[in-house]
Amino acid sequence: MSIFPRSSSPSAANTRVTVVLNDIQVPFQDKRVLSLVLKFVDELKPDEVVLNGDVVDCYSISDFDRDPLTKASLSREIREAGQLMHRLRNIPRKVWIGGNHEDRLRRHVWKNTKLISGMDDKTRAVVVTAMGFPEVFGLGEYGFDWVPYGGLYKIGKLTATHGSMVRRHSGDSGRAHLDKYGTSVIIGHTHRGGITYRRDVRGVHAAYENFCLCRLDPEWTQHPNWQHGFSVVHTDVRSGFFNVQSIPILPGPQFWYGGTRVL
C-alpha cells in the first residue's frame, strides 16, 4: 500500500495532482536528491508531471567557458534525460517546458546555418525541425508534450513557465514574473525557493519560485544562494483553483509531505 494514499471521495475525484520539477540540469543533477524525489513521485502517483525547464544543461554547446575535462557530452545528456523520462513513463500526463538551457540547442543551430545554406526551403525546414529539441531528445517517444522556452502552460488557474528574470532575494524574482504576466505563476530559473502574494480587484495571486534539483557546487560560481526542492500542486478541475505545496529538501536528503518524513 502506498504511504501517500489517494482518497476515493467525490472531492478527490475532482482534484488533479501535479508534480513540478525544474533545474535538474542533467548531467549535473544531484543524484541523491533526484533519486529521493523520483521515489516519492513513484509513491504519490500524480496525475501529471511538469518538467519546468533546464532539465538538461546542454553544456557542450554553451557559449560560456567550458571545463575541457568535463565529460558532459550532448549524447550523455540525451541518454540520461531518456532515463529520467522513462522513469516517469507511468504518469498519465507529462509536459516538458523549455528553459534557457534547452534553448541553447536552438541557438546553436541558428548560429551554424552553413550546413543548410544550399538546401531548398522544404528540405531546410525538414532538417531544422529534425534538429529541434523535442526531436533530438526524443520527447515524443516517452509521451512528453513540449512547450518551447518562453511558452506558458496552465495548471488550472496557475501558469507554469520556466522564467527569464532573476532578482537578488528570495521571492523577488517571483514578484517580477507576477508583474509581467499579471496572474499566478510558478517558475524555475532562480534555483531557489520563494513565494510572494498580491491581492487586487480580481482576487489573490501568487508567484512561486520552485527551487532546483541540480548540484549546489557549480564550476562557474562559488557558494550560490540556491536550495533544493520541488512542488506538488492540487487543482480543482472544475474551478481551476489550486494549492501549491512548496517542498524544500533538507540535508540528508529528506523532506516532509503530509505529515510523513521522506528519506
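Two strands count as paired if DSSP finds at least two bridges between them. In this predicted model, strand β1 (residues 15–21) and strand β10 (residues 229–236) meet that condition, pairing in the antiparallel sense over six bridges. Strands of a sheet pair through backbone hydrogen bonds, either parallel or antiparallel.

**The six-stranded sheet**
- The strands of this open sheet follow the order β4-β3-β2-β1-β10-β11, and their pairing is mixed.
- At the edges lie β4 (145–147) and β11 (242–248), each of which pairs on one side only.
- On average, neighbouring strands of this sheet are turned by 20 degrees against each other, direction ignored.
- Within the pairing of β1 and β10, R16 has T235 in β10 as its bridge partner.

**The five-stranded sheet**
- A second open sheet has five strands in the order β5-β6-β7-β9-β8, also with mixed pairing.
- Strand β6 (residues 158–160) and β7 run parallel and are joined by two bridges.
- Helix α7 (residues 172–181) lies across β7, β8 and β9 (203–210), and runs at about 130 degrees to β9.

**Residue V185**
- V185 belongs to strand β7 (residues 185–187), and T159 stands opposite V185 in that strand.
- The relative accessible area of V185 is 1%, so this residue is buried.
- Beyond residues up to four places away in sequence, V185 touches several residues, including L158, H177, L178 and A206.
- The C-alpha atoms of V185 and K157 are separated by 8.8 Å, with the two residues 28 residues apart along the chain.

Note on methods. Residues are numbered from 1 along each chain as its sequence is written. This is a predicted model: local features need pLDDT of at least 70, side-chain atom pairs count only at pLDDT 80 or more; totals for chains, interfaces and linings use all residues. Side-chain values use heavy atoms; hydrogens and water are left out. Helices (H or I, at least four residues) and strands (E, at least two) are DSSP runs, numbered from the N terminus. Axes are lines fitted to C-alpha atoms, for helices over the stretch in contact, and angles run from 0 to 180 degrees between N-to-C directions. Buried means under 20% relative accessible area, exposed over 50%, partly exposed in between (1.4 Å probe, protein chains only). Contact means heavy atoms within 4.5 Å.
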